[in-house]
Amino acid sequence: MTARATVRGVPMRVLGIESSCDETSAAVVSGAGNAVHLESLVILSQDVHRIFGGVVPEIASRAHLTAVVPVTRRALADAGLSASGVGIDAIAVTHAPGLVGALLVGVAYAKALGATLQVPVLGTHHMEGHLFATSLDHADAVPPFTALLVSGGHTMLLDVAAWGDYRLLGSTRDDAAGEAFDKVAKLLGLPYPGGRPIELAARDGDPARHRFAPPMLHGGQKPGDDDYYDLSFSGLKTAVLRAVRAADAAGMLDAERPHLARGFQDALVTTLAEKTARAARAFGRKRVVLGGGVACNGALQEGVRRAVSPMGGVVFAPSPKLATDNAAMIARAGLWRLEQGERSDASLNAYASRPIPGLRA
Ligand code: KG4
Ligand code: ZN
């Protein structure tokens with residue numbers, strides 16, 4: 001363990017490794033406190049899953065195994081370091097949540113590299129990574145803030161009072177927001193992953209043609225109600241399915257596709273934006289931070305902006321490479337935890353699900 005890695009406030013250089021799903025990623029960040037910057041980031045997306053219309057865990061693990069060493073070496077080289085990793089003060093690796101077989105590849109490699117370099121290794125929570133990601137793009141995307149994390153696997157609304165102090169306000173009761181995009185894209189005959197194709201199709205859509213009810217949203221909801229912050233997308237998906245069937249039966253699916261995409265996206269954005277604004281209002285937060293792959297969606301960014309700007313709220317969205325799964329966010333979150341003196345020992349393992357550390361009831 002190097003001295004630099006153990007002293008709070010002294011800049012350190014952290015290698016991040018991410019392999020929880022279908023991206024093999026490595027990155028180097030350096031700095032201290034909130035002054036941390038990105039030195040390199042390599043993301044290798046496993047395109048093979050497109051053939052299957054979803055991530056196949058066994059294939060993902062094998063692809064990580066092939067990619068993790070070259071991807072890490074490339075990230076080290078891009079940061080001006082030798083392929084061996086000399087100059088790294090610590091390693092942060094995603095250890096939860098995710099596909100266990102996929103996570104284990106990153107965890108095993110990080111442990112081996114950490115032992116070789118004699119630097120500390122820290123198991124890092126993937127969703128805490130998403131909370132930190134935007135701060136690498138925007139220096140002001142730091143606590144306190146309201147966070148909306150929307151990805152293919154998770155949908156969470158959180159209040160972030162400080163780094164490490166999180167309150168989960170709401171989450172999805174069924175599909176994740178990205179999953180809803182992916183499933184609706186499939187219904188519409190659009191490619192996987194479906195978020196971007198739906199966003200593009202919706203640009204040509206007429207918002208008045210298919211008005212789907214924004215899910216889990218009605219005026220009678222009050223703070224304290226179970227459904228005040230919670231989300232659900234399966235009902236919306238079923239409503240789109242019915243409309244798709246009707247359009248198909250009439251031989252109009254091609255013509256209706258952009259309008260259906262627009263109606264779906266509008267309903268989903270309305271709910272996410274309103275619930276995010278509720279959270280910002282309730283906790284008096286002026287900053288709203290978006291994270292996860294769905295945060296790339298321009299309509300969502302705009303919808304949240306519209307919802308919080310009347311209360312003086314400012315929205316920070318990550319750039320696409322930091323929104324989607326990446327190792328920079330893992331290195332960034334890990335750096336903060338390392339600064340708090342946290343280290344993993346040899347028992348570091350991978351977990352399919354685990355609460356975000358620092359989560360208050
Ligand atoms: O965070 P992410 O890369 O991986 C997970 O941790 O799941 O998120 C992937 C999800 C996919 O469901 C994809 O369809 C969605 O993010 N996505 C989008 C957009 N770009 C990616 N959803 C809506 N609009 C987009 N532009
Ligand atoms: Zn993610």
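Reader: How do the residues of the shell around ligand 1 divide into nonpolar, polar and charged?
Author: This is a predicted model, in which local features need pLDDT of at least 70, side-chain atom pairs count only at pLDDT 80 or more, and totals for chains, interfaces and linings use all residues. Asp, Glu, Lys and Arg count as charged, Ala, Val, Leu, Ile, Met, Phe, Trp, Tyr, Cys and Pro as nonpolar, and the others, Gly among them, as polar. On that basis the shell around ligand 1 holds five nonpolar, 12 polar and four charged residues.

Reader: Which residues are the closest to ligand 1?
Author: Residues are numbered from 1 along each chain as written, chains are lettered from A and ligands numbered from 1 in the order written, and side-chain values use heavy atoms, without hydrogens and water. Ligand 1 is surrounded by 21 residues (a heavy atom within 4 Å). The closest are Gly152, Asp182, Glu199, Gly293 and Thr324.

Reader: Which helices each supply at least two residues of the shell around ligand 1?
Author: Helices here are DSSP runs of H or I with at least four residues, and strands are runs of E with at least two, numbered from the N terminus. Those that each supply at least two shell residues are helix 3, helix 4 (177-187) and helix 5 (195-202).

Reader: How much of ligand 1 does the protein bury?
Author: A backbone N or O atom of Gly152 lies 2.7 Å from an oxygen atom of ligand 1, and one of Gly178 lies 3.1 Å from an oxygen atom of the ligand. The side chain of Asp182 places an N or O atom 2.7 Å from a ligand oxygen. Taken alone, ligand 1 exposes 550 Å² (Shrake-Rupley, 1.4 Å probe), and the share that the protein buries is 87%.

Reader: What is the geometry of the site of the zinc ion (ligand 2)?
Author: The zinc ion is coordinated by His126 (NE2), His130 (NE2) and Asp325 (OD), at 2.1 Å (donors are N, O and S atoms within 2.8 Å, or 3.2 Å for Na, K and Ca, with water absent). Angles among its four donor atoms run from 86 to 148°. Four donors are tetrahedral if all angles lie between 85 and 135 degrees; four are square planar, and six octahedral, if opposite donors are over 155 degrees apart and all others between 65 and 115; anything else is irregular. The zinc site is irregular.

Reader: How many residues apart in sequence are the parts that His126 and Asp325 tie together?
Author: The zinc donors follow the spacing H-x3-H-x194-D along the chain. His126 lies in helix 3 (residues 126-133) and Asp325 in the loop between helix 9 (320-323) and helix 10 (327-339), so the parts tied together are separated in sequence by 199 residues.

Reader: Is Asp325 buried or exposed?
Author: Buried means under 20% relative accessible area, exposed over 50%, and partly exposed in between. His126 has 5% and is buried. At 13%, Asp325 is buried.

Reader: How far apart in space are Arg203 and Pro258, C-alpha to C-alpha?
Author: Arg203 belongs to the loop between helix 5 and helix 6 (234-249) and is exposed, at 53%. Arg203 and Pro258 are 55 residues apart in sequence, and their C-alpha separation is 7.3 Å.

Methods. Buried means under 20% relative accessible area, exposed over 50%, partly exposed in between (1.4 Å probe, protein chains only). A polar contact is a pair of N or O atoms within 3.5 Å; within protein, one must be able to donate a hydrogen and the other to accept it, and residues adjacent in sequence count only if both atoms are side-chain atoms.
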